[in-house]
Amino acid sequence: MLAGASTQKHFDGLDLRNFQETRTNEFSLDRLGRSSVDRRVISYLLPRGIAASQTFQKPKQFNGWVALRAETLTSPPKGPKLPIVPSPIGGEGLAENPYHAHALLEEPRDDYSTALHLRFLFGKYGTIQPIPSAQLQSEQHAFSDLVDPARALMSKLANWCRQRVRR
Amino acid sequence: MPSETQVAILARYRRLIQPREREIFSEARLPDAEVYRPQQLPPNWLEETERVINASIDRDSEGFSEDGRWLKQEVAAAANDFFREAADLLPSEPYVYSSRQGDLVAEFKAPHGSLTTVVSQHFVVLFAAVDEVAIQRKILLPGDLRRELTQVMQPLMTGAHGDLASGK
């Protein structure tokens, strides 16, 4: 919602910004299952989703996924075909994601047509894959247990730096 | 010799049967279409939308944030022009936010789908999702915005198969 809007009518669609990839021509995806959504994969990806939502300048709330069959992207009823490339991410802890993939975007990244096309496909043919609320609560507690001490440490460090500068 | 009364009656009769000439106040005659040009009434949401846009201009151009809350100044001007020119063709009050580049995104609901418009300083993108079909237009400014918008709006108001679709 714009800063100047105190109230606006509710919008029940998907936010276009979630489909704008301005850095690379790779649109990041998670493979949620082989032929349907796999609960074990969801359980594995959930803490990673929550962690990723906290990496923004203003942390966001992670609410789940929009699940879409891969062939809808690779051969959509209309519009450009978007090849999907599996791209597992190595690493340790929450940095690791063997279910990661990306769709290759052909058109210029500053163009809106790809973002609008992607959003149309996800909005029209996708299904919302919400997080089981009990699991979400436990994951958020676990995550905040990790993050809060780190934030407190950063805050102390920043204060210490300010004091040093004043002296 | 006819009497004065008879002359007066005759003159009145002539005035009645003679076709009246149109009164022309100027030598330069205007076509009717120009004189009776239909006036488009702006929708009641236009004023509030303009207020929201003007109150959301990011004055700090260097530190532009991507949180969807701020618009670039040039984009806000283009957005105001867009709404003033085409508001009467748009289907409903928009939900507005900014894109990652600071352009205006306006989401509309229509009887047979939805319309998304992206207003930038140099172009307007129209994207209509009508039933199962997506229609997209990109108009470089200044372009024939009203004509393009009218074409996109037609299926949104009547459906992909028009008025003859079953159930109408």
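User: What makes β1(A) and strand β4 of chain A a pair?

Analyst: In this predicted model, five bridges join β1(A) to β4, residues 100-104 of chain A. Two strands pair if there are at least two bridges between them, so β1(A) and β4(A), with five bridges, count as a pair. The two strands run antiparallel.

User: Which residue of β4(A) is the bridge partner of Ser28(A)?

Analyst: The bridge partner of Ser28(A) in that strand is His102(A).

User: Why are β1 and β3 of chain A called edge strands?

Analyst: The sheet is open and has three strands in the order β1-β4-β3 in chain A, with antiparallel pairing. Strands β1 (26-30) and β3 (84-86) of chain A each pair on one side only. From one strand to the next, the twist averages 30 degrees.

User: How many residues does each chain bring to the contact?

Analyst: Chain A contributes 22 residues and chain B contributes 28 residues. A residue pair counts as in contact if the C-beta atoms lie within 7 Å. On the side of chain A that touches chain B, nine residues are nonpolar, seven polar and six charged.

Conventions
Residues are numbered from 1 along each chain as its sequence is written. Chains are lettered from A and ligands numbered from 1 in the order in which they are written. This is a predicted model: local features need pLDDT of at least 70, side-chain atom pairs count only at pLDDT 80 or more; totals for chains, interfaces and linings use all residues. Helices (H or I, at least four residues) and strands (E, at least two) are DSSP runs, numbered from the N terminus. Axes are lines fitted to C-alpha atoms, for helices over the stretch in contact, and angles run from 0 to 180 degrees between N-to-C directions. Two residues are in contact if their C-beta atoms, placed from the backbone, lie within 7 Å. Ala, Val, Leu, Ile, Met, Phe, Trp, Tyr, Cys and Pro count as nonpolar, Asp, Glu, Lys and Arg as charged, and the others, Gly among them, as polar.
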